[in-house]
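Please keep the sequence and the model at hand while reading.

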Amino acid sequence: MNFLWRQVQEESVQGWLEKLKDMAYQMDDVRRREITPTKTSLAQLAYNHPEVMAHFDEKIWVCFSDPSDPIIVFGAIVQILQKDSCNLSDLEALQQKVQTHVSGKKFLLVLDDVWTEDYRLWEQLKNTLNNVVESRILVTTRKENVVSMMGTTYKHMIGELSPQHAQMLFHQIAFREKGREKEEELKDIGEKIADKCKGLPLALKTLGNLMRLKNSKEEWEAVLNNEVWKLDVFETAISPTLLLSYYELPPSIKRCFSYCVVFPKDTVIKVDNLIKLWMAQSYLDSDASKEMEILGSEYLNYLAAGSFFQDFEKDDEDHVIKCKMHDVVHDFAQFLTKNECFIMEKDNENEGRIDLSFRKTRHATIILRELAQNFVSAYKMKNLRTLLLEWYFNSIIPGVLPNLFPQLTCLRALDLRSNRHIKELPKEVGELFHLRYLNLSRCRMLESLPETICALHNLQTLNVSVCRNLYSLQHAMDKLINLRHLENYYTVKVECLPQGIGRLGCLRTLNEFIVGDGKEECKIEDMRPRFKKSAEFGTTRPICNRLNLVDTDTRYENRLKLGITR
């Protein structure tokens, strides 16, 4: 972020902070038609300001999704306060937990990007926190109705950047890699293009990154005079800039971008997981000279450079490992996909209100409050390619999964993670012939996998991490000839790996190798070719990140056999 932009933000924040201690509830960024993305960044500056950090005992930041669920909101608050995962699913128990944690403390609660106009949720928050003195709630929203519903005592409205500041921000991005001569040639056109962004920073950044890749005057004039500026088919003024940037994407990357709408708004997207989902949809098919995972990383970086993602988290090697999609960009992607990608919240209350046809839906996230055995057939989801399930109920109805799987014969990606009630994966999973991605992570009651899972010859990713009660993997794992990623972190009851693991020629990831002493178990020397294969394709990490050794006396010897040293 350049000095000018930081100075503009700091000036706004200083005035904002003077009022922070005196206000009961604070609203930010309320506008009738347009929204700048600085509502969140401004709130972050206040949230991390030294005066704020010194004044409050606890700080809580919660991103709202659309729709918003009280159990999710209170669960997120509890998780932050206790600095650990929250397993409670009862609303009253969660509210009591919040009250216990904040009792006698001054706290700042930030509710970021609130969409819901449901007064009941706001009342539940106020009633839970009503008796806590000298605490504050700060909210960001783009909806004026939210302001009225909450009855705010103060609101801070963010305007557009001035034409001068807008041109400077655009100039800094668009001319980053251009020489002085080219800068002089294109400067006037650039100022006119910047004016079309109407002072919106995200629009300026998006279009600036697009123009950074264009060098000729003809290309710049083509953007300036593009007919897209005359279209009025979107609700926000930023959409023409997104449309221009989207049209510039290669076709292979366009579909990767559109697929991301399957994640609910404000989701922190794990890049490694996203790439595996792209792989499952055959979006990363390439020749043998380049691994699909590497191609996926290149696509992600391309989209990130075009401002289609934000809020990046990087590892020690400067690789992006997590990111988010701005809600305006998410709206744009949803517009492009229409009903192809869908997020549905299902419970008894909205059962009668859902009248959509899912025949064209290919990718779906379903948030389940109550579960009926025929919910897939009821909504005509037999053509699904992706099904991501989020579970929020206390028990699972017997027969749900066996009835579910035979209806999803086109499925390529299935996410059942974090279900606390699945003890055994039904044998019907073997009927998902096209399945390439299966996520069972954090299914902590899962004890076994059926033999039929070895019939999934197209499976590329199997994630059983943190399945604490899983005691074994199937011996016929060598039939999973396309398996690339076996994620098995913290499978503490698995005492050995089946011998067939060593024959998986495509394997790229094995988080933990468990060395046993049986004759039909995978030996460490069986994995050495797989380790070499991983290195040949330029991966930066070994195929096995950790060894679980039964015989600690042979630890060093076994590491040398595999080719791992510390």
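The sections below cover the chain as a whole, its nonpolar cores and one surface patch.

## Overall make-up

The model is predicted. The chain has 566 residues, and 52% of them count as buried. Its secondary structure consists of 20 helices and 17 strands.

Counting contacts between residues at least 6 apart in sequence, 64% join residues at least 24 apart. The accessible surface of the chain is about 26,800 Å², and carbon and sulfur atoms account for 47% of that area.

## Nonpolar cores

The largest nonpolar core holds 65 residues, and within this core L207 and W278 touch the most other members. Helix α14, which spans residues 271-280, supplies the largest share of this core, with seven residues.

Which residues does L207 touch, leaving aside residues up to four places away in sequence? They are F170, I193, C197, V223, W229, T241 and L244.

Y489, Y490 and V492 make a nonpolar surface patch of about 300 Å². Of these residues, Y489 is located in the loop between β15 (485-487) and β16 (509-515).

Why does Y489 count as partly exposed? Its relative accessibility is 38%, and partly exposed covers values between the 20% cut-off for buried and the 50% cut-off for exposed.

Definitions and conventions
Residues numbered from 1 in each chain as written. Predicted model: local features only at pLDDT ≥ 70, side-chain atom pairs only at ≥ 80, totals over all residues. Heavy atoms only, no water. Helix = DSSP H or I, 4+ residues; strand = E, 2+ residues; numbered from the N terminus. Buried < 20%, exposed > 50% of the residue type's maximum accessible area, 1.4 Å probe, protein only. Contact = heavy atoms within 4.5 Å. Areas by Shrake-Rupley, 256 points an atom, 1.4 Å probe, with all protein chains shown as cover. Core = buried A, V, L, I, M, F, W, Y, C linked by side-chain atoms within 4.5 Å. Patch = residues over 30% accessible without salt bridge, like charges linked within 9 Å, V, L, I, M, F, W, Y side chains within 5 Å. Salt bridge = Lys/Arg side-chain N within 4 Å of Asp/Glu carboxyl O.
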